[in-house]
Amino acid sequence: MPNLARTLALLGLALLVACSDEGPVSGPGSLTATLVGPEGADGAAIVVLVGEGVGEVSEVGATEVHARRDGSATRVVLVNEEGGALAFRVSVADTTQPPQAVIEQVAGDDDELRSVDGYVVEFAR
């Protein structure tokens, strides 16, 4: 009987390992990019996406998006007239390798420029 219990326990453990999440799979798709910073409600920003495989950029929520590609860089202007989160979607060749994001300018919901210190762009699948 002790051998049966041990066998069942090992079988259960093996099944748990076999069903585990292997993580993200490399391939084309879309990522949601969100500007995150220390200041609270943001009104606008200019972000440059650098890298190969960056495709179409589109709006998320109340954020208006204007994008222009120039070589291996894509300049993205984000505007949220309500003030709040600035987010957009970007098509990429490989969702496990998001583009580098350079934040050039950020303005508050009062249209005043802010320091870009402490701001980052977070990418999510």
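Colleague: Leaving aside its neighbours within four places in sequence, which residues is Thr95 in contact with?

Modeller: This is a predicted model, in which local features need pLDDT of at least 70 and side-chain atom pairs count only at pLDDT 80 or more, while totals for chains, interfaces and linings use all residues. Residues are numbered from 1 along each chain as its sequence is written, and side-chain values use heavy atoms, with hydrogens and water left out. Contact means heavy atoms within 4.5 Å. With those sequence neighbours set aside, the contacts of Thr95 are Val25, Gly27, Pro28, Gly29, Ser30, Leu31 and Arg125.

Colleague: Where is the place of Thr95?

Modeller: Strands (E, at least two residues) and helices (H or I, at least four) are DSSP runs, numbered from the N terminus. Thr95 has its place in the loop between strand E6 (86–92) and strand E7 (100–108).

Colleague: Is Thr95 buried or exposed?

Modeller: The classes rest on relative accessible area with a 1.4 Å probe and protein chains only: under 20% is buried, over 50% is exposed, and in between is partly exposed. Thr95 has 7% relative accessibility and therefore counts as buried.

Colleague: With which side chain does the side chain of Thr95 make a polar contact?

Modeller: A polar contact is a pair of N or O atoms within 3.5 Å; within protein, one must be able to donate a hydrogen and the other to accept it, and residues adjacent in sequence count only if both atoms are side-chain atoms. At 3.0 Å, the partner of the Thr95 side chain is that of Arg125.

Colleague: How far from Asp94 is the nearest side chain of opposite charge?

Modeller: Asp94 is found in the loop between E6 and E7, and its side chain has a polar contact of 2.9 Å with that of Ser26. Lys and Arg count as positive and Asp and Glu as negative, with His and the chain ends not counted. A salt bridge needs a side-chain nitrogen of Lys or Arg within 4 Å of a carboxyl oxygen of Asp or Glu. Asp94 is buried yet has no salt bridge, and the nearest side chain of opposite charge, Arg125, is away by 7.1 Å.

Colleague: Which strands stand at the edges of the open sheet of four strands?

Modeller: Two strands pair if DSSP finds at least two bridges between them. The order of this sheet is E3-E6-E1-E9, with antiparallel pairing. Each edge strand has a single partner strand, so one side of each is left without a neighbour in the sheet; these are strand E3 (54–59) and strand E9 (120–124).

Colleague: What is the phi of Asp111?

Modeller: Asp111 is found in the loop between E7 and E8, and with a relative accessible area of 67% Asp111 is exposed. Although Asp111 is not a glycine, its phi is positive, at about 70°.

Colleague: What distance separates the C-alpha atoms of Ser115 and Gly37?

Modeller: Ser115 has its place in the loop between E8 and E9 and is partly exposed, with a relative accessible area of 44%. Ser115 and Gly37 are 78 residues apart along the chain, and their C-alpha atoms are separated by 10.0 Å.
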